[in-house]
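I opened this entry to look up how the parts of the structure meet. My notes follow.

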Amino acid sequence: MQTTIHVTINGKKRSDTVEPRLLLIHYLRETVGLTGPHIGCETSICGACTVNVDGKAIKSCAMFAVQANGCDVLTIEGLARDGKLDPMQQAFWNEHGLQCGFCTPGMIMTAKQILERNPHPTEAEIRDGLGGNLCRCTGYQHIVNAVKAVAAGKGA
Amino acid sequence: MATTTITKTEKLVGKAMRRQEDPRLITGSATYVDDIQMPGMLHACILRSPHGAANIKSVDIAAALAHPGVAAVYVGKDTEKVGPVPCGASLPGLRVPHHYVLAIDRVYFIGHPVAVVVATDKYIARDAVDLIEVEYETLQAVTDPEKAIGPGAPPVHPEWPDNVAFNYHQEGGDVDTAFAQAEVVVKQRITSQRLIPSSMETRGVVADYNTGDKALTIWSSTQIPHLMRTLVAQMLGAPEHKVRVVTPEVGGGFGSKLNVYAEEALMGFVAMKLGQPVKWIESRRENCMCTIHGRGHVDYFEVAAKKDGTILGIKLKLIQDLGAYHQLLTPAIPTLSVLMMPGLYRCQNVRADIVGAFTNAVPTDAYRGAGRPEATHGIERMVDILAAELKMDPAEIRLKNFIHNDEFPYATGTGLSYDSGNYAAPLHKAMDLIDYHNLREEQRQARSQGRLMGIGLSTYGEICAFGPSPATPAGGWESATVKIEPSGMVTVMTGSSPHGQGEETTFAQITADELGVGIDDVIVLHGDTAIVQYGIGTFGSRGTAVGGTAVYFALQELKKKIKKYGAMLLESEEVSFSDGVCVDHKTGKSVTLAEIAGASHRAMKLPPGTQPGMVETYFWEPPNFAFPFGAHAVVTEVNRETGDIEIKRYVAVDDCGNIINPLIVAGQVHGGVVQGLGQALWEQAVYDDNGQLITGEFMDYAIPRASMIPWIETEHTVTPSPVNPLGVKGVGEAGTIGCSPAVVNSVVDALSTLGVRHIDMPMTPEKIWNLMEGARA
C-alpha cells in the first residue's frame, strides 16, 4: 500500500508516493536526497535526525513520512540563504562547536529552537535545551558557547 | 592564471583558528558512508545471535530467500573461507580462536553474526532477517572475567577450558626487596568497567565490485583505511592492489574504528558474489552489541612505601576481560596499562601479571586511552589511598614522588623512556586555579556543617604519538605528500585519517607557515587508498605528533627543491626562501612560489639533478613515543539524602607540548574529560549471567548529556617534546586519562569522613547512597 504526501521542504513544494511505514528521516535522506540529518540511534535519544516541522524541532526518526503530509519541513540544508550561513551555523564554526560533525545538523536545529523559545537563556537553560541531542566529541562546552554567542547577537 | 592569494608573514601555528573542514559539516553537505547512493545498490541486514553461548543446530533460510526483493542470504558455511577476522597483536603463547565472519556451528556472544540478508531495500532486508529460522541449543555463558578464570566456569571456547587466552609477566627493578623494606603497604582491588565507545555515527560499509577490472572498492567508517585495505584483501584472498578503501566523513571513532571487523570482508564478499554494490549500516543496537567495548579490567594493586610517603614498589595483578575473540589489538591493550603503571613517579620496582580472560561478550579493544586510563586510574587511586593511610596531603605525596625535571629522558622500570617533563608545574597551576589551600579550609567548614564536600587531584602521564614501529604491530610511522600545483596552490596528502580531530586545519597551518601561503591555499586530503600514499591512521594521539611531523619533513624536502628552482630562475648561486618568495639577497631579485611552481611543471629548463614538478613524499619514523602529562583538580559535593554527586569545579591543566591550534586542543580536552566523566559517574556495559547485554542502546547506556556536565576550566603548561621538530606530544586522550581518577578521588575524599576508602566506577547515586547507608549502619 502506498500513500501520496504533499510536503514543503526547505521552501519547495513536492509530492511523493511512500510506504506508510517509511520514517520521515528515511524519506528525507533517501527519497528527497537531503542527507544532512543523520541517524544515530533510531530510538529518538540522540537527536542527530532533528529537523524542524511546522516550526517545531522534532526527531525525524520517530515520525512517519505520512505524518508530515501538508507540513512545512526545514532541514539543515535549508538554513543558509544565498550562500550566507545562518547565525547559528556561523557560531558553531566560530566557536569550534563540532568535531566529527555527525551530530551537528541536528544540534544546530535544536540550538536554533532554544533561542526561538527563549532568546536570552542562562547557561543551565541552554544545557537543558540541548538535552535531547547527544554529542560524543565536544563535551558540549563549545556548543554552549555557540548558542551563547548567537543569543548575544554574534555569529552573523 | 590563479596564483596564491596571499604571501604572508603572519604565523598560523599556535593561533586559535576555526576549522577548514567545518563548512561542509555545518551545512549538511558532508558525505558519510550512509549518504552514499549507487545505481543498483543492495542493502544488507545481519541476523545476530540472541544468546551469549549456544550451539547452532540448524539454520533455515528458505522463507527469507523467497521473500520478494531478497537477492541473497548467506550463512556461515558460505563464508567459511573468508577471513578470519584478524588479530594484529602477538604475545608469547597467545591463544587465538579462529574468528569466522559468520558463525558456523556455535555462537560465542550476544550479537555474534549468524547470517546476512541482501535485498533491494533495507526495510525488506530487515523483514527477511525475521524470516530466518535458527534452532539453538543454549549453553551456559560466563561474562565476568574473574569468574571465567575461576573454578567451574563454563568454557567460552571448548578447546581451552580454563578460559585463559594468555598470561603475561613484566618486571623491573627489585620488587621483593622493595616490599621487604617497606614501612607501609597498601592494597586495593580496582575495576575499570566495560564501556561502549558510542561514536555518534555507527559503523557502516559500502562495497562495490567491478567485474571487468576485478577490482573491489570499500567505503568504510574507519580510522585506518590503508591497514584495512591490506587486511581485507587478505581476508578475501583478493590482490591488494585491486582493493581500494575510501573513508568518507567519519562520525567519530574513539578507537572503536581502529579495527577491521567481519562486516568489511562480508560486504566485500557479497559485492564480489553478486556483482552489485551493497550497503550495510550498523544500527545503534548492533553498535552496542558488536562493535568493540573498552576497558574491562579487574586490577589488584599493591604499593610499598616509606612512612614519609616515598613509593618503593608497585605490584599489579591485572585480569583483562577480552570477550570471546581477539579483534585487531585486543590482547595488546592491557600491556599498555603495564607500561604506564608507575605513572609520573620515580619508582623502578614494578611487577605486573596479566591474565587475559575469555568471556561470552563482544571483544574489548582500544577505546580512548586504551590501557592508559586504566593504569592511571589505578596508580592515582593508590597514591590517594597511600596518602590517606599516612595522613598526608594528596598533593604533597605526589610532589614528593615525581620524577625530577633534570632526570629526562627518564628510563622507567617498565622499559619506557619518558621524553621530557615538568610534572610539578601543572599540579601547581591546577592547585592555584582551584585555590587548593583555601578549598581545604572551606572543606573543614563544610564538614562541620555536615556537608560532604570533596577535593580530588590526579596527575597523569600517557604514552602518545604511537609510535616507534617496533612497538606497534603494523608500523608506527606516518606518511605525507605535499605537492604544489602549477598555479601555486598546495595539496597535502596525509596517511593519517582524521575523523573530527581537525587535521585538515592543523596540517594546513603547518604547511601555510612553512611555505608562506594562506591557509585557504592549502587543502589536506586523506582517507582514500587510491589517492593517498600508504599510511597508518589516526589513533593513540598520533595525528599531529607523527602525521603532522611527516608533513613538516615533506615540506623541508620540498623547500630544498623550491630553492633549486628559485636559484635557477634568478640565475643565482644562493637564494633564501621565506614567506612564499625566493630572494637573491645580492641582487635583490625575487621570484614567487607560484612562478616557481609553474616553471617546475613547464620544465623548459631544469636545475641540475632535479626532476620536473613540485612534489615530495616523506615517511617519518618517530624515534620514541611522546609523553604528555598534566593535573586535573575536581571539587564535588555529595547529596547525603540521594547519593547524587554534584561537580562544583573542574580544572584541567594539560601539558601536550607545543600547541598548533589552541581552539582545537581545548575541544579535545573537553571531549576527553566528558568521556572520563561518563566512566566515572554513569557509563557501564552490563551483561547478565546469560550473556544478555542489558545496556544495549542509548535508552539504557548513559552517554553524558549537556546538562550533566560542569563547566571545564582548561589551562596549559608547555614542555616541548624533543622527539619531533614540532615539539608536540598529543592531546586526544589526555582529558579522559586525567579525569576519572580525579573525580573518584574527589568523591572518596567527600565520603572519607564516613570511613569510605575506595569506590569503583561508575559512581551512580544508587551506589553512593548504599555506601552511605552502610556507613550509617
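**Between the chains**

I looked for salt bridges (a side-chain nitrogen of Lys or Arg within 4 Å of a carboxyl oxygen of Asp or Glu) and found five across the interface of chain A and chain B. One I noted joins A:R29 to B:D34, with the closest N and O atoms 3.4 Å apart.

The model is predicted: local features need pLDDT of at least 70, side-chain atom pairs count only at pLDDT 80 or more, and totals for chains, interfaces and linings use all residues. Residues are numbered from 1 along each chain as its sequence is written, chains are lettered from A in the order in which they are written, and side-chain values use heavy atoms, without hydrogens and water.

Next I checked contact (heavy atoms within 4.5 Å). Here 51 residues of chain A meet 56 residues of chain B. I then read the buried area (accessible area, 1.4 Å probe, that two parts lose on being put together, summed over both). Chain A and chain B bury about 4600 Å² between them, 56% of it from carbon and sulfur atoms. On the chain A side, A:W93, A:R136 and A:Q141 lose the most area to chain B, together 20% of what that side buries.

**Between the domains of chain A**

An automatic or database domain assignment gives domain 1 (3-76) and domain 2 (87-151) in chain A. Their contact takes 19 residues from domain 1 and 13 residues from domain 2. I noted that the two domains bury about 1200 Å², 60% of it on carbon and sulfur atoms. A:H38, A:T50 and A:I76 supply 40% of the area that domain 1 buries against domain 2, more than any other three residues.
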